Amino acid sequence: MDKKHRKTIIAGNWKMNQLASGVPAFLDELVPALRCGAGEEVVLCVPFPLIPAMKAAAGGTVVRVGAQDVSAHDKGAYTGEVSAAMLQDLGTEYCIIGHSERRAYHAESDELVNAKLKALLGAGITPILCVGESLEQRDAGETLHVVSSQVKAAFEGIRPEQAKAVVIAYEPIWAIGTGRTATAEQAQEVCGFIREYLAEKIYDWETSKAVSILYGGSMNAKNAAELLGQLDIDGGLIGGASLKPADFAVIVKAGNEDA
Ligand code: PEP
């Protein structure tokens with residue numbers, strides 16, 4: 001399976017921004033501007049309380065609804081947590097896990113990310129697994145080591161058929177929210193490495209070529225086309241620019257191979 005047979009996924013990460021009351025107006029502006037290709041999916045990963053509003057407003061449009069985190073537990077005494085079954089019940093189709101902000105501010109370990117990935121697969125929700133190195137790690141030449149150990153740990157105990165349903169987002173931490181995007185070559189190098197690692201060290205090429213790998217980190221309306229044109233970059237995870245309907249629509253168009 002080559003790039004044109006994999007899904008192109010343009011996913012917005014709203015982080016802790018926007019209100020449920022603002023969702024309909026946002027989609028009223030975004031949806032008419034979207035030029036989405038046949039093999040392309042548009043996803044908005046919103047805070048938990050915004051999911052019902054997003055689901056209602058996105059009904060009948062190409063926009064799919066995602067969450068930004070999930071509990072590793074099925075149910076029980078875990079105050080403040082939200083389970084995969086609860087997300088599924090609300091019609092959530094995607095969920096980010098292992099975002100660097102959660103790894104950094106909530107001390108999420110690779111083992112926890114692996115448990116969350118399993119919880120999502122069990123509920124039929126597509127995980128968007130984030131991996132990426134810090135600036136110090138890149139400068140020390142540790143990028144590929146860091147990324148491969150995050151990937152290895154996240155896929156522990158996942159069968160090949162399940163792995164094909166996982167989306168990976170390579171997000172160098174130094175590029176997130178900084179305006180400092182990885183060059184297309186840097187992004188392709190790591191995304192290509194992840195695909196090779198999945199094929200050679202964990203699964204096989206058939207499995208690896210089915211996995212959509214996204215780039216995230218200051219992707220915007222100007223740099224999206226070049227990044228999305230790379231061989232192993234199957235889409236983007238977009239923070240800041242996903243809060244601006246016009247910019248997000250330009251990124252979706254850049255991912256549309258039919259355009
Ligand atoms: C993100 O938080 O996943 C992200 C990529 O943010 P930004 O696009 O703002 O760098």
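## Ligand contacts

An oxygen atom of the ligand lies 2.7 Å from an N or O atom in the side chain of Glu-171, a polar contact being a pair of N or O atoms within 3.5 Å. The protein covers 95% of the 290 Å² of accessible area that the ligand has on its own (Shrake-Rupley method, 1.4 Å probe).

The model is predicted, with local features requiring pLDDT of at least 70 and side-chain atom pairs pLDDT 80 or more, while totals for chains, interfaces and linings use all residues. Residues are numbered from 1 along each chain as its sequence is written, and side-chain values use heavy atoms, without hydrogens and water.

## Ligand shell

The ligand is surrounded by 14 residues, Lys-15 and Gly-177 being among the closest (a heavy atom within 4 Å). By class, this shell holds four nonpolar, eight polar and two charged residues, with Gly counted as polar.

## Pockets

The ligand takes up the space of the second largest pocket (more than half of its atoms within 2 Å of the grid points). A pocket is an open set of points on a 1 Å grid over the protein atoms alone, where a 1.4 Å probe fits, with protein on both sides within 12 Å along at least five of seven lines; lining residues have an atom within 4 Å of a point. The second largest pocket contains about 190 Å³ of space. Its lining comprises 17 residues, with Gly-217 and Gly-240 among those closest to the centre.

The largest pocket holds about 430 Å³. Among the residues closest to its centre are Lys-15, Asp-69 and Arg-102.

Definitions and conventions
Polar contact = N/O pair within 3.5 Å; in protein donor to acceptor, adjacent residues only side chain to side chain. Points joined across faces, edges and corners; volume = space filled by probe spheres on them.
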